[in-house]
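Hi there,

Here is the structure I promised to pass on to you. Have a look at it first, and then read my notes below.

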Amino acid sequence: MAATATAGSVAAAAPKVEEHMDPKRLIAFFAMVVGMFMAILDIQIVSASLAEIQAGLSAGSDEIGWVQTSYLIAEVIMIPLSGTLARIVSTRVLFSVSAAGFTAASALAATATNIDQMIVYRAIQGFIGGGMIPSVFAAAFTIFPPSKRNIVSPIIGLIATLAPTIGPTVGGYLSHAFSWHWLFLVNVIPGIIVATLTWTFIDFDKPELGLFKKFDWWGLASMAIFLGSLEYVLEEGNANDWFNDEHIVMGAVATVIAAVIFFYRAFKVEFPVVDLRAFANRNFAFGSMFSFVMGIGLYGLTYLYPLYLGRIRGYDSLMIGETMFVSGLAMFLTAPVAGILSGKLDPRVLMTIGFASFASGTWIMGHLTADWDFYELFIPQILRGVGLMLCMVPINNIALGTMPPARMRGASGLFNLTRNLGGAVGLAVINTILTQRQDLHYARLSEHIQWGNPEAMERFNNMAANFNAHGLDGATIAIKQLAAMAQKQAVILSFSDVFVILTVLFLSLILGVMMIKKPQGVGPSGSGH
């Protein structure tokens, strides 16, 4: 009841707010934005520096990936739960406690002396940090009047997409200039400031502690197992040969059983952990679908570019970061443009332009060769950055712009979850395609490198003669080098295949845009009812 009353009072206050935004609320909102930026940045900040962390903790190559995975699993559980927690304890308590906990967990991660400690601290960091992300979306659509959304939405869209994109850049600089410990220590001072400001200034809603008695603990447990197991299966599946690994099979079984219990309770219990009825709103359902695919594009390319630069070009984390910075800069410069256009254009037009821009970038990348460097990647990265920003603003507005304020917090958690799940599904599929296509291309290339092929024989003889002249076993070394060349070419061809598939995916989204109705209250008029 209290949430509805609060929401009603916010709605009633909207006309006054248009003339004068309360400075306290603005301070609180921008502190929340910084908190969200830190939480999303931390997903990717370690990605370019895993080798340094691995060396520092003396971890095995099969263990180090868990520095990333443990964070993602914990975060994915917390994001949808945050809406319910915000209703019970209030946004102020949830956000400021999350900020303080995230800061403490970051400091602990910097003190880790072995891989087990690091995995535990990263899981705590991800779980607590996940509470900050959806609150910002909910706050933006609750405290700002519709006329201000063309300013606010690009800010949130920019943070949500820029943070994971520049994560490898920031991580590369920090671990090179200082040490890997600073990947985590960098959160401490901003974290303390955010926790203090949000505790002091947030006043959007009141706690409803009475709801705690109705809290669905079985729903929480089943959701945690469902989302945690799903994330585990997607993250680890390809590396462990999917269902040929008993842990993956167990994870998949746990996912299915927990999902059945979770969905049953979500629709049967009086006060479910997550309010899935938000999907009954057609615009929210479509917005979430687009968000899911944007997650594939956002996290998939943030993974693919560094992988290519590291594996084929031999770049270190700093060089990868500098190359990846182009996308971040393109997003930053496009954000105000996206805000202005979202007030003037039908959001469906803006999304079509964004998806087309993204697809153009991946189509160019489909022609990848082993020689591509900063300048060849320059245009595709700009197209990607511009496309992401132009899409994110209308997607946010379509999904959340028509939600009644009482449903906003729960819907915001679900909306953010779709983006993260899209990223997890996207990475699993991309890794699987890369592995399978690489094997296929290598087999085909190997067929051409054989005794019956005069070009291959000429190359082989020249290489062997060269090594023999230096007193080495020319034939053996030449065979190894030819195999390595074929392997490298197979990797590049598999990258091209993935980029072409992503192009098709984003072009198909343009058809999806045509299917949605023009959202009421989003777009040219700027009035959101």
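A polar contact here is a pair of N or O atoms within 3.5 Å; within protein, one of them must be able to donate a hydrogen and the other to accept it. Please keep in mind that this is a predicted model.

With that in hand, let's start with S327. A polar atom of the S327 side chain lies 3.2 Å from the backbone oxygen of Q381. The residue S327 sits in helix α14, which covers residues 317-344. Its relative accessibility is 0%, so S327 counts as buried. Once the neighbours within four places in sequence are set aside, S327 is in contact with T165, Q381, R384 and G385.

Next comes Y303, in helix α13 (residues 282-311). Because its relative accessibility is 26%, Y303 counts as partly exposed. If you leave out residues up to four places away in sequence, Y303 touches L427, I430 and N431.

Finally, T432 is found in helix α17, made up of residues 408-448. Is T432 buried or exposed? With a relative accessible area of 14%, T432 is buried, as the cut-off for buried is under 20%. Beyond its neighbours within four places in sequence, T432 is in contact with N238 and W242.

Happy to go through any of this with you.

Best wishes

Terms used: Residues are numbered from 1 along each chain as its sequence is written. This is a predicted model: local features need pLDDT of at least 70, side-chain atom pairs count only at pLDDT 80 or more; totals for chains, interfaces and linings use all residues. Side-chain values use heavy atoms; hydrogens and water are left out. Helices (H or I, at least four residues) and strands (E, at least two) are DSSP runs, numbered from the N terminus. Buried means under 20% relative accessible area, exposed over 50%, partly exposed in between (1.4 Å probe, protein chains only). Contact means heavy atoms within 4.5 Å.
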